[in-house]
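Here's a quick briefing on one model, built around its annotated sites and a sheet that goes with them. Have a look at the sequence and coordinates first.

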Protein chains: 2
Amino acid sequence: MSEFQLIANYFNQPSLTSVGEIPAEIGIGDDCALLSIPEQQRLAVSIDTLVADVHFPAEAAAEQIGYRALAVSVSDLAAMGATPSWFTLALTLPEANEYWLAEFAKGLSLAASQFGIRLIGGDTTKGPLTISIQVQGMVSARHAMLRSNAKVGDHIYVSGTLGDAAAALDYVIPQPTLAAANENSSVAYLYQRYFQPEPRLALGKQLAALGVNCAIDISDGLLADLGHILSASAKVGPCLGAQIDLTDLPISKALMSHTDKARATSLALTGGDDYELCFTVPADLIQQLSPLIEAGEITLIGHITAQPGIVDNLGQPVMVACSGYQHF
Amino acid sequence: MSEFQLIANYFNQPSLTSVGEIPAEIGIGDDCALLSIPEQQRLAVSIDTLVADVHFPAEAAAEQIGYRALAVSVSDLAAMGATPSWFTLALTLPEANEYWLAEFAKGLSLAASQFGIRLIGGDTTKGPLTISIQVQGMVSARHAMLRSNAKVGDHIYVSGTLGDAAAALDYVIPQPTLAAANENSSVAYLYQRYFQPEPRLALGKQLAALGVNCAIDISDGLLADLGHILSASAKVGPCLGAQIDLTDLPISKALMSHTDKARATSLALTGGDDYELCFTVPADLIQQLSPLIEAGEITLIGHITAQPGIVDNLGQPVMVACSGYQHF
């Protein structure tokens with residue numbers, strides 16, 4: 001048995017293979033995993049790859065890398081309103097470093113237990129550090145939130161605050177140390193927002209149950225991801241645009257203490273990696289969102305228009321400088 | 001939109017997204033694909049990673065890399081007796097080379113159409129050339145072939161011929177040119193066995209329908225993969241071993257014209273990458289396999305014993321030199 005097959009066995013531990021409430025008929029150990037899906041449910045699947053020094057600093061703590069890799073994948077399930085069930089892991093490693101592996105598995109286990117998702121298979125290979133995770137979740141056919149359901153007049157909301165993770169990159173790249181974080185609690189907060197994103201699973205399910213049917217998770221930045229909603233919706237209906245009020249963007253105190261308003265706004269518009277939800281809601285549903293707004297969980301930032309393009313509340317095209325970090 | 005998002009769009013073409021008979025409710029273009037699985041069916045899933053210069057020569061033709069990547073993943077479905085339905089692609093590329101991408105997509109499309117499997121999502125990232133593919137297929141709950149069902153007295157069969165792909169590595173590594181193949185038809189055959197493996201989908205389904213319930217695909221080499229059957233079966237029952245007749249191993253004329261009997265046997269035992277099936281069959285079923293044996297599709301190579309270890313027909317442990325190529 002090769003070293004890398006042994007590594008695969010490393011992930012065959014209950015903290016990964018027995019978490020969550022949904023068993024697999026066959027999990028790790030055969031040519032395929034075998035899954036049973038109730039007929040009224042749909043299986044939601046999404047695959048994401050994280051490459052060292054592109055999506056995270058290779059020198060970051062392995063536990064943080066493991067946690068973050070699963071969290072960003074699970075975020076795609078949150079955006080559909082789905083409940084996580086199973087994941088597979090394709091891990092490519094330059095060498096079999098036991099300490100690194102133990103820490104990586106620790107972070108992965110922590111995330112798995114937090115999101116209730118079970119490891120059912122994978123592949124471990126030798127090569128440059130690359131992590132591909134496919135997540136599987138379940139959602140009832142009539143409750144799935146799609147990118148393509150935005151309509152003119154819909155209100156646009158986002159969850160949480162925006163721009164935090166992008167701001168953290170000033171600290172984690174090129175200097176992936178905890179030193180800065182330890183000196184400053186707002187930096188610690190931003191740092192955590194980057195390495196421990198919180199997929200908005202509960203919110204996603206709550207919105208889907210209320211009848212919200214159009215959402216995306218913000219991985220590429222608000223403008224880019226709202227743009228994905230507009231283009232996906234335009235494929236099945238008329239052209240759409242959006243008007244957003246830049247003064248309404250939710251920005252954390254930590255981010256404001258870290259930079260000026262102009263840069264904070266720019267990061268909120270273009271910074272990826274926050275993994276908050278952006279969703280659109282027709283007028284007849286907005287009343288039901290009041291408790292979430294009052295709790296500060298979601299913020300109204302604008303509405304869908306019939307004019308293509310994204311403009312501010314003065315009708316000017318929203319143009320911002322690139323945040324300086326290229327998220328692929 | 002970044003260059004690598006554009007690449008992702010590159011795969012959104014009908015030759016990949018509209019093949020096969022099983023549509024997705026939502027395919028490429030949303031946060032998740034959405035799949036509907038009939039209640040009496042099980043979803044079989046498997047993820048495989050191919051790393052450049054570990055699993056294939058980086059300089060190989062992109063069309064061959066694309067074809068092979070999907071074929072080796074689909075082979076895991078064949079080993080379960082499953083019917084391919086959908087796949088996702090996580091492609092990491094060092095640069096956006098349009099010619100390479102067009103050729104890669106061509107090979108992928110060819111394989112997709114051959115195996116009847118549809119692309120439903122993926123992720124394209126910048127980094128060292130790495131391909132992760134997750135395949136999904138369907139199998140009825142009572143027909144899935146598992147590694148863990150071998151019993152003492154079962155006959156052991158393999159499909160096709162063994163050792164061909166491993167022999168081809170003499171030509172494709174380190175010299176990935178077609179020159180040698182063009183000069184010699186047996187080399188051309190071996191070369192094709194490496195780059196165009198044929199997942200034994202029809203055979204897998206036929207065996208499963210006959211009641212065969214224990215199989216694996218040979219990706220790591222016969223000894224290693226038969227070993228996986230023995231250890232998986234021993235986890236749910238008594239310890240097992242195998243006796244195989246080395247003179248019965250199916251070896252192609254091409255391989256015999258390329259090397260001597262001793263090396264051919266060694267390659268047949270340890271060479272990976274053939275993607276043939278190895279399966280075990282209880283005595284009451286073997287009569288039904290006669291047509292497959294007579295057609296030369298499968299070969300009886302030995303039987304399952306109660307003594308741990310793999311021995312030859314004289315009872316000597318089967319020990320062979322490594323084939324020289326480390327398949328992870």
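This is a predicted model: local features need pLDDT of at least 70, side-chain atom pairs count only at pLDDT 80 or more; totals for chains, interfaces and linings use all residues.

Residues are numbered from 1 along each chain as its sequence is written, chains are lettered from A and ligands numbered from 1 in the order written, and side-chain values use heavy atoms, with hydrogens and water left out.

**Annotated sites**
- UniProt, in an unreviewed entry, lists G122(A), D123(A), R147(A) and S219(A) as "binding site"; such annotations may be inferred rather than shown by experiment.
- These span 98 residues of sequence and are spread in space too, up to 31.0 Å between C-alpha atoms.
- D123(A) sits in strand β4 (residues 118-126) of chain A, strands being DSSP runs of E with at least two residues and helices runs of H or I with at least four.
- D123(A) counts as buried because its relative accessibility is 15%, the cut-off being under 20% with a 1.4 Å probe and protein chains only.
- Among the contacts of D123(A) are L89(A), I47(B) and D48(B) (heavy atoms within 4.5 Å).

- Five strands make an open, mixed sheet ordered β4(A)-β3(A)-β5(A)-β2(A)-β1(B), where pairing takes at least two DSSP bridges.
- Its edges are β4 of chain A and β1 (33-35) of chain B.
- Three bridges join β2 (residues 41-51) of chain A to β1(B), antiparallel.
- A44(A) has L34(B) as its bridge partner.

Key: Buried means under 20% relative accessible area, exposed over 50%, partly exposed in between (1.4 Å probe, protein chains only). Lists of a residue's contacts leave out its neighbours within four places in sequence.
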